[in-house]
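Trainee: I have a structure open and would like to go through it with you. Could we look at it together?

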Amino acid sequence: MQTDPNPKKSKDSPSNSANTESTQLPSPFPDEVLEKVLSFLNSDKDRSSVSLVCKDWYNAERWTRTKLFIGNCYSVSPEIVARRFSKIKSVTLKGKPRFSDFNLVPQNWGADVHYWLTMFANVYPFLEELRLKRMTVSDESLELLATAFPGFRALSLMSCDGFSTDGLKAIATHCRNLTELDIQDTDIDDFSGGWLSCFPENFGSLEVLNFASLDSEVNFDALERLVSRCKSLRVLKVNKSITLDQLQRLLLRAPQLMELGTGSFQEDLLPGQIGDLGNAFGNCKNLQTLSGLWEVTSIYLPVLYAACASLTFLNLSYAALRSVEFGNLLAHCPNLRRLWVLDTVEDKGLEAVGSSCPLLEELRVFPADPYDQHLHRGVTESGFVAVSRGCSKLHYVLYFCWQMTNAAVATIVQNCPNFTHFRLCIMNPGRPDYLTNEPMDEAFGAVVKTCTKLQRLSVSGLLTDLTFEYIGKYAKNLETLSVAFAGSSDRAMQFVLEGCPKLRKLEIRDCPFGNAALLSGLEKYETMRSLWMSSCNVTINACRRLAREMPRLNVEVMKDKESDDSQADKVYVYRSVAGPRKDAPPFVLTL
């Protein structure tokens, strides 16, 4: 369930979005037929749309739904969910705003999953899957999850915090039907790797195991036995404590892997050992995704070559490769669709991407050192243009660089007009076109004019209100906009809110937008999922007015200790059918 459908309807009431006449007409289909048809709908958006047609369709949809997606854990309450749906087996739940990834959301802000789990234990004891993102998860919650749901099968924790390896021990001990344990980018109290030995010796159902973000050494004997037993294991991502010798042993026991995250490559091997490792990679005929590769050096890259032909996703975001060795590796990867890489490959490396990866659809270039402002290092507009020339299928980009020009961006989008996600981060805030010294307005104007399918946009560099006028006028399919250190006046934000008919998330930080900008969205916010504003010129009084005039919105202000009492330092606005949350900490003022 997304937050778009109107979940505050009672179980017998039709959607407010359906017209009166249609809700009074009975469905031409018997209930059994309608429910059977709806059972084939897998898309959250399609199911949400179906539920708005009429009372019969609303009821049939809620009786047949087994998967639930909630993009904001405070947009609805567990009680409302339980009243509406009775057969949920899979839940995806997101918590904190995205800016928590940048430490802009204070500690102990909320998004604790425990109350949700308590409710699920009562109404959905048959729950099989739980996927959490930016949620607070305690060991107590993991123990409840492990013991209250006998058929539980899949747990994914992405960017979550609050738990330790003791909680993982409970999952390993009690979840006898577990097929997926995926721990990504978590802030975990990592006491030891002994949790792997808690899987029973007769347990062998795992298909996905990812503990790459954990730090401690693991019990390798237990891991090796586990991998040997799990004949259907298709995803294995280990942490950097796993040595090359251990990695080889794991590959010999799981040649069926489709996704592999390696450990560290910082080890001295004899030539014969290097050959054995290469043979182990060569036996992985089905490998499609490769990541990890911590501290890999040119001497070990050839061991990967035999497994590269089938790769569609190569994640090198922890491997500081140089352009020549990177180019040699890419020559063996003709089928890449997704590539993540550090800017140590420089423009020469990106030229190799353009010449070697014609099928590439997604590129992410991260800074190896975001605080190094020497322009002769990293990547520039030249590398980006080179990729666009050779990769016409490119539609998703996240590109960190120190310099860019308007002309380069215009060329890039002409070469790749099908961008759906365009996230350009010029790391020196407010930097203009370094050749003309003009603002970067025309660059992003070219993006929104040319890329008519654009859904997500992140802007950076020196930007005036003209950029936002372009966005409001041309970005008709834009759903998420992220803005930092940009704009000249309130009018910039007003342009976006007056245009962009599909806008769902607006994220703003360190911009000169004030009360007039905030209040210009009164008619827009109820059709959006959320608005985030931090370090802008918004006052608490303006937030109070917004809350008063839009009572179905939750308007939260997070105060900094040193700030003026009248200023709203961080503002988070989101739709909710559950009303103000009950677990807000003292530093969160709910208006």
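Mentor: We shall discuss helix packing, aromatic pairs, a loop residue and some backbone angles in turn. Please keep in mind that this is a predicted model.

Trainee: Understood. At what angle do α15 and α16 pack?

Mentor: Helix α15, residues 381-390, packs against helix α16, residues 406-415, at an angle of about 15 degrees, and their axes are 8 Å apart. That angle makes α15 roughly parallel to α16.

Trainee: Is the crossing of α15 and α16 left-handed or right-handed?

Mentor: The crossing of these two helices is left-handed.

Trainee: Which residues in α15 and α16 meet?

Mentor: From α15, the residues are Glu381, Phe384, Val385, Ser388 and Arg389; in α16 they meet Ala408, Thr411, Ile412 and Asn415.

Trainee: How many residues of α17 are buried?

Mentor: Helix α17 is mostly covered, with 7 of its 10 residues buried. These are Asp441, Ala443, Phe444, Gly445, Ala446, Val447 and Val448. What covers them includes α16, β16, β17 and α18.

Trainee: Then α19. Which of its residues are buried?

Mentor: In α19, residues 490-498, the buried residues are Ala492, Met493, Gln494, Phe495, Val496 and Leu497. They pack against α18, β18, β19, α20 and β20. Just after α19, Cys500 takes a positive phi of about 45 degrees.

Trainee: Changing topic: how many aromatic pairs does the structure hold?

Mentor: The structure holds 21 aromatic pairs. One of them joins Phe313 and Trp340 in an edge-to-face arrangement, 5.3 Å centre to centre, with 65 degrees between the planes. Phe313 belongs to strand β12 and Trp340 to strand β13, so the pair ties together parts that are 27 residues apart in sequence.

Trainee: Are Phe313 and Trp340 buried or exposed?

Mentor: Phe313 is buried, with a relative accessible area of 10%. Trp340 is buried as well, at 18%. The cut-off for buried is under 20%.

Trainee: What about the pair of Trp340 and Phe366: how are its rings arranged?

Mentor: The ring centres of Trp340 and Phe366 are 5.9 Å apart and the planes stand at 65 degrees, so this pair is edge-to-face. It links distant parts of the chain, with Trp340 in β13 and Phe366 in strand β14, 26 residues apart.

Trainee: Which residues do ring pairs link into a cluster?

Mentor: The cluster consists of Tyr74, Phe99, Phe102, Trp109, Trp532, Tyr572 and Tyr574, linked by ring pairs.

Trainee: I also marked Asn477. Where does Asn477 lie?

Mentor: Asn477 lies in the loop between α18 and β18. It is partly exposed, with a relative accessible area of 26%.

Trainee: With which residues is Asn477 in contact, leaving aside neighbours within four places in sequence?

Mentor: With those neighbours left aside, Asn477 is in contact with Thr452, Lys453, Leu454, Gln455 and Lys502. As for Lys94, Asn477 is 383 residues from it in sequence and 23 Å from it in space, C-alpha to C-alpha.

Trainee: Back to phi, then. What phi does Arg134 have?

Mentor: Most residues other than glycine have a negative phi. Arg134 has a positive phi of about 55 degrees although it is not a glycine. Arg134 is placed in the loop between β3 and α7, and at 10% relative accessibility it counts as buried.

Trainee: And Ser159: what is its phi, and where is its place?

Mentor: Ser159 is likewise not a glycine, yet has a positive phi of about 55 degrees. Its place is in the loop between β4 and β5, and at 24% relative accessibility Ser159 counts as partly exposed.

Notes:
Residues numbered from 1 in each chain as written. Predicted model: local features only at pLDDT ≥ 70, side-chain atom pairs only at ≥ 80, totals over all residues. Heavy atoms only, no water. Axes fitted to C-alpha atoms, helices over the stretch in contact; angles between N-to-C directions. Helix = DSSP H or I, 4+ residues; strand = E, 2+ residues; numbered from the N terminus. Parallel < 35°, antiparallel > 145°, perpendicular 65-115°, else oblique. Left-handed = near helix turned anticlockwise from the far one by under 90°. Contact = heavy atoms within 4.5 Å. Phe/Tyr/Trp six-rings, centres within 6.5 Å; stacked < 30°, edge-to-face > 60°. Buried < 20%, exposed > 50% of the residue type's maximum accessible area, 1.4 Å probe, protein only.
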